[in-house]
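Please examine the sequence and the structure shown below.

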Amino acid sequence: MRQRRETLRASCNPDSRPMRAFRLLGRFQFLHPLLYPLILTLLSAPLTTPLRADTISGTVKDPSGAVVAGARIEISGSALAEPLVLTSDDTGKFVAANLSAGKYSVRVAKEGFDELLTTVDLHGTADLPLSLTITPQQTSVTVNEKSSAFANSDPVYRQLRNNGLGDTFRCENFTLPIDVGTFELKSGTITFLATVNKSQTGAIFVGQGHFTLKPYATVDTNEMVRRAGGPTAEEDFTEAVFRFSPDQFSQFESTLGTRANTPAEAASAFQHWKDKVRHRHEMPEGMTEAFLESDTIDNVDADVLAAIYNSKHPSFFNAYMHGTPHKDLRFFLRTRVGAIPQMDSPEEVALVNCDGGGMNDGIWYSQHLKSELVAHTASSQQDRRLFATRCYNIETVIGKNNHLFSRATIMFEPLVPGERVLKFGLLPTLRVTRVTDEGGKDLHFIQESRKEDGSFYAVLDEAPAMGQVHSITVEYGGDKVLYDAGSGSYYIGARESWYPNLNGFGEKALYDLTFKVPPSNVLISVGKLEGQHTEAGFAVTHWVTPVPVAVAGFNYGKYVKMDFPDSITHYEIAGYFLTELPDRLRPYENGALRGMSPSSMTKYALDQARAQMQVCTMYFGKAPYENIYITEQPNFNFGQSWPNLVYLPISAYIDSTQRWMLFGQINSRFTGFVQEVTPHEVAHQWFGHGVGWASYHDQWLSEGFAEFAAGLFLQQAMGPKWQKDYIDFWERQRVRILEKNNFGVSPNDAGPLWLGLRLISPRAGQAYQGVTYSKGAYVLAMLRSLMYADMGSAGNRDQAFIDMMHDFMERHRDIPASTESFKAVAEKHMTKKMDLQQNGRLDWFFREWVWGTQVPRYNFKYDVQPAEGGKFKVHAEITQNEVDENFAMFVPIFADFGDGMVRLSQVPIAGNSTRTINFVLDRKPKKVALNAYKEILER
């Protein structure tokens, strides 16, 4: 995802860059924080005529709340000799009067809807609100008392949720080592929670304790110094709440000494813990709240439930410390699923300082188990899933009130024997009403209030058989997915969580999507349009993804379609634009935006998209999808890319003159954003979707590569006068990496590229953007420079780089890419010059640019003198400084003979040193330059 800027505080404006420390394509965009109370009621309008006693009446509606006329109502029972048949009128109403008291069955039928049967024990007047369920081919949600009885009602879950305190023991000088962390319970009491299902799942320590975390790897030690001010984390605490899987209780058994009375402080600490972990802020104040309180906020009781129901469930151990100086320091060890699942990483161990809006808020440590680090078996590509999703079949109705009603059938295969609890990412304002298994049997599910730990979990009645595909169906509905921007345009929120998403971007699955929307609007989805028709006053479209994709999404509004053929690559390209301005830009329609032409600007955007598709195909190989939809969105300052669906900001449809009139000045940074956004988002069809990333450490392979591709577009697709835009592009990237903020911290100062999202801190809010996007782009640009053939070489001088990128794409079409797997591809294709260590590896390069933060400064001097035979001798001197003695780089040298800079060769240089070189040219150059196109990162 390309966006104008980052912010550490969310905005109430749906068009802002809200605070979410993740990912979008930029999978790490901040998730929308506007989560308001969901009220899902099916109301019937009061009748205008008075009713007599013993009367059944009602109003028939569809899931969106629209009335259904012409429905057949059949009433039978009590003293009726034969069924009474009625038809709902134009307002959806019906009345059956003069009935005797008694029990009746009311059956409602309408073509395109499931038949509805309800019973009435009539004693006087019964006015029925009847909501029809659309048949599976169209979609729906239905609510009934039986289904709602399965919400949050699993008996073991209820025990966990309401669990109290158990036995208390004195605790003296007890040491509890947990991987790289050590808890010293020096003096106090430890109170265990009451057992649930014969399992012990928690303990509360009150007294004097100390916690230490000593990182194993150098990169983590450096990060701890940045975060905690020293190489280790040290914390005194007076309270600690431990929650763990039952198999971890044995670690506490040696503390079971003298029994003691339970101190009041234990109950207080436990309540304090509940207040923290069961509360979800409407608007996160810092990075850790944005992470931990996202759509997949941990419901610890549900996580414990999974471990109780499966003795083979991956072990976990959570510690929540109230100490000095940090009031909410959390240590997590969670095998397989990852210590912080919201980060989409298999790293099992983490330390998080939850400081809200404080200056020390952040993820201080996240790493694999120490045993894996020692054995060199740690990998971002470890499978962290408990279930593998095979297919989503989602049927959705968008009502006239912009509420969403859906039925999703998820086909999955278990990966861990015995698992019964599935956790989904689902926007908490979308309330689940029913979950059923493949036989239609109701299942228990968990979804607490949206203001609490309201993630959605489904609980299977029994563990599904391994090696087989199973399914569950989820019915849900609510708001906060669509925000009306005015004049037929909509902000699309919850782009990852508008449906129950089992594994996020961690896997690819097939999608079969049906949408039913008001006919005045157009819906554009991922996949291919397989069919469309109108029904019951709605426009129905059916979309299917031909290949598995990581995420599904849609755009929605009063769009006009424009097809744009590509005779070279033969991709099917179409644009969708809005003819009217959204409300926030309405005041400018007769001023700065008076001459705005959506049609012509769409052609321009489509021309850019087509050119970028051609450039990317040449350099990276065939795109994974045959079609791509370029859609306008009312958001002003960020773009996004989903599989074959690109969201461009409305600013991309405003020309430079209009932007100047709108801002009152020429804003060079925003001009750069507009220039980059379309090629960046189109490139995500390759990087991010064609090839995914394994963990947050590896997201630079998506965002950085897409940013590099935007620069490549400026060089390859903008005609003969590309040089200025290309140089300006790399200068913008350089500034984004090295420019210091008001705290005197540059993004590069925040840490190495490998840290990804963990770069974000209150003192370095722009670090993720500047490093992951811009430095990530530079890493690929520098590899291209290193692989570029010297002047006079036969063939395409970029061929080695092209071969590497084609290979990278092919190797990772079915598996996510990691930094290490990309490094292996680069080593396969590197030139002899690049093998500085004579070991066939690029350790030196990745150590400097991916795992390091050094950036050299270069000085260049040269002199040109006549030489024999009419040639010219160049004497040049290159100085590299502000690096350590082991830092090495190849720096390209260029010469201008009158037609622009031409690359001559590249020169190796190591450490803080000066290198002198001499070479002979056939012609006298007008100028000789080092790093003329700024493709090597330098200060």
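Asn-98 is placed in the loop between β4 (93–96) and β5 (102–109); helices (H or I, at least four residues) and strands (E, at least two) are DSSP runs, numbered from the N terminus. The model is predicted: local features need pLDDT of at least 70, side-chain atom pairs count only at pLDDT 80 or more, and totals for chains, interfaces and linings use all residues. Residues are numbered from 1 along each chain as its sequence is written, and side-chain values use heavy atoms, with hydrogens and water left out.

The phi of Asn-98 is positive, near 60°, in a residue other than glycine. His-376, which is not a glycine either, has a positive phi of about 60°. Its loop runs between α8 (370–375) and β18 (387–398).

| Residue | Relative accessible area | Class |
|---|---|---|
| Asn-98 | 53% | exposed |
| His-376 | 73% | exposed |
| Met-661 | 42% | partly exposed |

Another backbone feature is the cis peptide bond that joins Thr-324 and Pro-325, with an omega of about 10°. Pro-325 is found in the loop between β14 and β15 (329–334).

Met-661 belongs to helix α10 (residues 656–663). Together with Trp-660 and Ile-666, Met-661 makes a nonpolar surface patch of about 360 Å². Accessible areas come from the Shrake-Rupley method with a 1.4 Å probe.

How many cavities of 30 Å³ or more are there? The count comes to seven, a cavity being a set of points on a 1 Å grid where a 1.4 Å probe fits but cannot get out. The largest cavity holds about 640 Å³ of space. Its lining has 34 residues, and those closest to its centre are Thr-296, Pro-341, Arg-384, Lys-423 and Leu-502; lining residues have an atom within 4 Å of a point. At least two lining residues come from each of α7 (300–309), β14 (316–324) and β20 (421–424). The lining of the largest cavity comprises 13 nonpolar, eleven polar and ten charged residues.

Terms used
1 Å grid on protein atoms, 1.4 Å probe; cavity = no way out; pocket = protein on both sides within 12 Å on 5 of 7 lines; lining within 4 Å. Points joined across faces, edges and corners; volume = space filled by probe spheres on them. Nonpolar A, V, L, I, M, F, W, Y, C, P; charged D, E, K, R; others polar. Patch = residues over 30% accessible without salt bridge, like charges linked within 9 Å, V, L, I, M, F, W, Y side chains within 5 Å. Salt bridge = Lys/Arg side-chain N within 4 Å of Asp/Glu carboxyl O. Buried < 20%, exposed > 50% of the residue type's maximum accessible area, 1.4 Å probe, protein only.
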